[in-house]
Amino acid sequence: MPKLSRLTTSHSVGEHVALAFTPVSIGDTISKALSGFSAKAIAARLRRFTAVSARTVEAWKARRRMPSAPQILALLSDDELCALLLEEVNPVLAHQAKILEAKKKLKELESK
């Protein structure tokens, strides 16, 4: 399964900064991010972007299959799911995505 690198620690060594990276499995990240949602709910959210069934999402959650490129793009197109996926790889970007999601919701509420 493909692995991403995640920055886990950094510390100064004299004038240099030492960085440590740990591999993060893409399948593990997707499975962990989607674990808090039902497969039906995720499939319903992604149908705006691509055709995904609840069975397909269950396979992702169980790590039997990986999403295709269009399906990953659909996951990243949904603000809440994007923030959850980014949380494991880059917490700073995940926080920014959550802020953008909150701003969108606030704007929607103000316009009603």
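User: What share of the residues in the protein is buried?

Analyst: Buried residues make up 28% of the 112 residues. Buried means under 20% relative accessible area, exposed means over 50%, and partly exposed lies in between (1.4 Å probe, protein chains only). This is a predicted model: local features need pLDDT of at least 70, side-chain atom pairs count only at pLDDT 80 or more, and totals for chains, interfaces and linings use all residues. Residues are numbered from 1 along each chain as its sequence is written, and side-chain values use heavy atoms, with hydrogens and water left out.

User: Which elements does the protein have, and what makes a run count as a helix or a strand?

Analyst: There are six helices and two strands. From the N terminus on, they run β-β-α-α-α-α-α-α. Helices are DSSP runs of H or I with at least four residues, strands are runs of E with at least two, and both are numbered from the N terminus.

User: Which residues of helix 4 are buried, and why are they said to line one face?

Analyst: Q71, A74 and L75 are buried in helix 4, which spans residues 69-77. Seen down the helix axis, the buried residues fall within an arc of 100 degrees, so they line one face. The arc is that of the directions from the helix axis to the C-beta atoms. The face turned away from the buried side carries the exposed residues A69 and L73.

User: What covers the buried residues of helix 4?

Analyst: The cover includes helix 1 (26-34), helix 2 (39-46), helix 3 (54-61) and helix 5 (79-89). In helix 5, L81, C82, A83 and L85 are buried. Their cover includes helix 1, helix 2, helix 4 and helix 6.

User: What makes a set of residues a nonpolar core, and how many residues has the largest?

Analyst: A nonpolar core is a set of buried Ala, Val, Leu, Ile, Met, Phe, Trp, Tyr and Cys residues joined through side-chain atoms within 4.5 Å. The largest has 15 residues. Those with the most contacts inside it are L34, I42, L46, V57, W60, L75 and L81. Helix 1, helix 2, helix 3, helix 4 and helix 5 each supply at least two residues of this core. Helix 2 gives the most, with four residues.

User: Which residues is L46 in contact with, leaving aside its neighbours within four places in sequence?

Analyst: L46 is in contact with V52, W60, A74, L75 and L81. Contact means heavy atoms within 4.5 Å.

User: Why is the pair R45 and D78 called a salt bridge?

Analyst: A salt bridge is a side-chain nitrogen of Lys or Arg within 4 Å of a carboxyl oxygen of Asp or Glu. The closest N and O atoms of R45 and D78 are 3.1 Å apart, so the pair qualifies. R45 sits in helix 2 and D78 in the loop between helix 4 and helix 5, 33 residues apart, so the pair links distant parts of the chain. Side chains of opposite charge can pair when their charged atoms come close.

User: Which network do R45 and D78 belong to, and how many salt bridges does the whole structure have?

Analyst: R45, R48, D78 and E80 are linked in a network of salt bridges. A search of the whole structure finds seven salt bridges.

User: What makes D78 a cap for helix 5?

Analyst: A side-chain oxygen of D78 lies 3.3 Å from the backbone nitrogen of E80, at the N-terminal end of helix 5. A polar contact is a pair of N or O atoms within 3.5 Å; within protein, one must be able to donate a hydrogen and the other to accept it, and residues adjacent in sequence count only if both atoms are side-chain atoms. The 3.3 Å distance is within that 3.5 Å limit.

User: Where is S25, and is it buried or exposed?

Analyst: S25 is in strand 2 (residues 16-25). S25 counts as buried at 6% relative accessibility. Its side chain reaches the backbone nitrogen of G27 at 3.3 Å.
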